[in-house]
Amino acid sequence: MSNSGASTRIDNFHNATGTDEEAVAHGNSIKSVYVYEAPVRIWHWINALAISVLAVTGYLIGSPLPTMPGEASANFLMGYIRFAHFAGAYLFAIGLLGRVYWAFAGNHHARELFTVPITQRAYWQEVLTMLKWYAFLAPRPGRYVGHNPVARFMMFFVFILTSVFMVLTGFAMYGEGLQAGSWADTLFGWVIPLLGQSQDVHTWHHLGMWVIIVFVITHIYSAIREDIMGRQSVVSTMISGYRTFKD
Ligand code: HEM
Ligand code: HEM
């Protein structure tokens, strides 16, 4: 298998030449491999922060707090909540663009997020193996230098695609606030008639939040579970960049 092939599982890495993966597969002499470069790691944690802010403020935009005491003019709570949502939104959208850039500029692990080898039979076999492992039906998981095949599928098809949807629907609604003819309306206004009318965009955008929340819950669960039960480091890899192997 090549680096860009079905997976970066190292147990059966046959023809990668001169890579850390090969050394690990053959000699087990390498204890750590540099996988996630600084831009990937910085993006990961900034993105996690932005999404936390977006989910909390987004929820409150959809289900606003009860009436505030005092004069209306003395309160700007929803204004601050919306401001935090929009600040988080810019961070999220620009971060996503930066991450796409790094897929071209970075190492081959930086591309894994966007290139799921769904046409390869071997990939699906590895997905099945990992699903069995997650379901406690297999005694041993694979060892992977980059993302494991199930993580890779979820990260692209659930997280990245929903993120693009959130940016499109979010900026379409933002364009309504900035008014017709604004840059956001010009670039994203077409999304509104595509989904029906403004309220439909709100509803779909709201639903997208729950898709992302479900992704985040399963993602954090499996990251911590793999860290404890899997054959390689996981959480510390997204902090230091290095993957270390237990066996
Ligand atoms: C992970 C990303 C995001 C999440 C989880 C999220 C979540 C939400 C939620 C739940 C709502 C309330 C919808 C409703 O019930 O009416 C909302 C509203 C909104 N979001 Fe997002 N959002 C995200 C990204 C974005 C982005 C990238 C933008 C781009 C500017 C954006 C702009 C807006 C706007 C303009 C509103 C409507 C505000 C209003 O009506 O006062 N969101 N968001
Ligand atoms: C809003 C919260 C989060 C989101 C949206 C998110 C999303 C992602 C994405 C998209 C990747 C792929 C990175 C890439 O290839 O560029 C990733 C990797 C990773 N994330 Fe998160 N993440 C979140 C929170 C967390 C938290 C709290 C942890 C720690 C417990 C964590 C641990 C990891 C690890 C360890 C990896 C690398 C997994 C591997 O090596 O296969 N993430 N995350």
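Mentor: Axes here are lines fitted to C-alpha atoms, for helices over the stretch in contact, and angles run from 0 to 180 degrees between N-to-C directions. This is a predicted model, in which local features need pLDDT of at least 70 and side-chain atom pairs count only at pLDDT 80 or more, while totals for chains, interfaces and linings use all residues. Residues are numbered from 1 along each chain as its sequence is written, and chains are lettered from A and ligands numbered from 1 in the order in which they are written.

Trainee: How many helices and strands does the protein have?
Mentor: Helices (H or I, at least four residues) and strands (E, at least two) are DSSP runs, numbered from the N terminus. Along the sequence they follow the pattern α-β-α-α-α-α-α-α-α-α-α-β. The count for the protein is 10 helices and two strands.

Trainee: At what angle do H2 and H9 pack?
Mentor: Two packed helices are described by the angle between their axes and the distance between the axes. For H2 and H9, the axes lie 11 Å apart and the angle is about 140°.

Trainee: Which word describes how H2 lies to H9?
Mentor: Angles under 35 degrees count as roughly parallel, over 145 as roughly antiparallel, 65 to 115 as roughly perpendicular and the rest as oblique. With an angle of about 140° between them, H2 is therefore, relative to H9, oblique.

Trainee: Which residues of H9 make the contact with H2?
Mentor: Two residues are in contact if their C-beta atoms, placed from the backbone, lie within 7 Å. On the H2 side the contact is made by Ile51, Ala55, Gly58 and Gly62. On the H9 side the residues are His206, Met209, Ile212, Ile213 and Val216.

Trainee: How are H6 and H9 oriented to each other?
Mentor: The axes of H6 and H9 come within 9 Å and cross at roughly 150°. The two helices are therefore roughly antiparallel.

Trainee: Which residues come nearest to ligand 1?
Mentor: A residue is near a molecule or strand if its C-beta atom, placed from the backbone, lies within 6 Å of it. The largest share of the shell around ligand 1, seven residues, comes from H2. Of the 24 residues around ligand 1, those that come nearest are Gly58, Gly62, Ala89, Gly170 and His202.

Trainee: How do the residues around ligand 2 divide by class?
Mentor: Among the residues that come nearest to ligand 2 are Ala48 and His147, and H2 gives the largest share of this shell, six residues. Ala, Val, Leu, Ile, Met, Phe, Trp, Tyr, Cys and Pro count as nonpolar, Asp, Glu, Lys and Arg as charged, and the others, Gly among them, as polar. The shell around ligand 2 divides into 14 nonpolar, seven polar and one charged.

Trainee: Is Phe136 buried or exposed?
Mentor: Phe136, in the loop between helix H5 (121–134) and H6, has a positive phi of about 60° although it is not a glycine. A residue is buried if 20 or more other C-beta atoms lie within 10 Å of its own, exposed if 12 or fewer, and partly exposed in between, with C-beta atoms placed from the backbone. Because 8 other C-beta atoms lie within 10 Å, Phe136 is exposed.

Trainee: What share of the residues in the protein is buried?
Mentor: The share is taken over the 247 residues in the protein. Buried residues make up 25%.
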